[in-house]
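Here is a short report for a reader new to this structure. Take a look at the sequence and the model before reading on.

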Amino acid sequence: TLSHGIFTFDPLKNTFEPVYSNKELERLACMDWLMDFLLEPNGDIWVATQEELCKWEQASRSFRSYPLPGKKDSNVAHGDNNNVVSLLRDRRNRLWVGTYGGLNLYHPETDTFSFFPLNHQIVLVYEDEQEVLGVGTAGGLYIFNRKGQTFEVVKEASAKGLAVTAIEKDPNGYLWFATSYDLRRLDPASEALSVFNEKDGLGAPIFWTSLLDRKGRLYFGGIN
């Protein structure tokens with residue numbers, strides 16, 4: 001939630017239970033504007049907020065703050081790297097953190113982060129089954145070149161003011177992405193682009209979330 005922490009669903013009781021008690025919640029600094037979270041096997045939880053990246057450590061029942069490099073500065077093009085919006089554990093078991101300033105990679109052996117700045121605010125971090133890492137931003141879709149550690153723009157999904165808010169790849173290999181104006185489908189082989197909007201039966205022009213189910217069906221959730 002935005003200000004009351006994380007809840008788990010108990011299917012036996014059919015109720016939601018808070019991860020933290022009310023007394024613990026009163027002294028937590030990492031609970032304002034929660035944007036994303038990631039659960040670890042040991043019960044720890046990475047938490048993305050608009051102020052910082054935190055980790056709830058289940059053993060000590062306390063939060064640990066992780067200040068990220070590249071904080072907002074008037075002399076740099078990127079935004080605030082501690083305004084965290086998206087978390088991803090990739091297929092190589094690496095943690096990626098998307099922020100208003102760029103992309104961050106966690107190094108557990110040193111408990112530090114590498115920072116890759118981008119001059120567009122990241123909205124989400126995405127990885128497909130071929131380990132292609134993409135980021136949806138306020139300025140379109142970018143692919144992160146792991147070898148060169150650079151961002152490559154996807155021209156068919158990028159334009160001024162075109163925010164990419166959700167990304168999915170269907171069983172046929174088509175790349176679907178929701179934008180601030182419409183829903184688009186890209187054929188990576190031919191680079192053919194199809195654009196869908198309310199004229200095609202969509203209930204909302206703006207989508208914020210997506211899901212590919214086990215039957216290969218795509219779902220997009222919008223504001224309407």
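Predicted model: local features only at pLDDT ≥ 70, side-chain atom pairs only at ≥ 80, totals over all residues.

Four strands form an open sheet in the order E3-E4-E5-E6, and their pairing is antiparallel. Strand E3 (34–39) and strand E6 (62–66) lie at the edges, so named because each pairs on one side only. On average, neighbouring strands of this sheet are turned by 25 degrees against each other, direction ignored. In general, the strands of a sheet pair through backbone hydrogen bonds, either parallel or antiparallel.

Two of the pairings are set out here.

| Pair | Sense | Bridges |
|---|---|---|
| E4 (residues 45–49) and E5 (residues 53–57) | antiparallel | four bridges |
| E5 and E6 | antiparallel | five bridges |

Individual residues show how the strands line up. Val47 stands opposite Cys54 in E5. Lys55 has Arg64 in E6 as its bridge partner. The hairpin of E5 and E6 has four residues between the strands. In this hairpin, Arg61 takes a positive phi near 50 degrees.

**A loop residue**

Now to another part of the chain. Ile206 sits in the loop between strand E18 (193–196) and strand E19 (207–212). Is Ile206 buried or exposed, or partly exposed? Its relative accessible area is 23%, so Ile206 counts as partly exposed; the cut-off for buried is under 20%.

Which residues does Ile206 touch, leaving out those up to four places away in sequence? They are Thr179, Ser180, Gly222 and Ile223. Ala178 is 28 residues from Ile206 along the chain, yet their C-alpha atoms are separated by 7.3 Å.

Definitions and conventions. Residues numbered from 1 in each chain as written. Heavy atoms only, no water. Pairing = 2+ DSSP bridges. Helix = DSSP H or I, 4+ residues; strand = E, 2+ residues; numbered from the N terminus. Axes fitted to C-alpha atoms, helices over the stretch in contact; angles between N-to-C directions. Buried < 20%, exposed > 50% of the residue type's maximum accessible area, 1.4 Å probe, protein only. Contact = heavy atoms within 4.5 Å.
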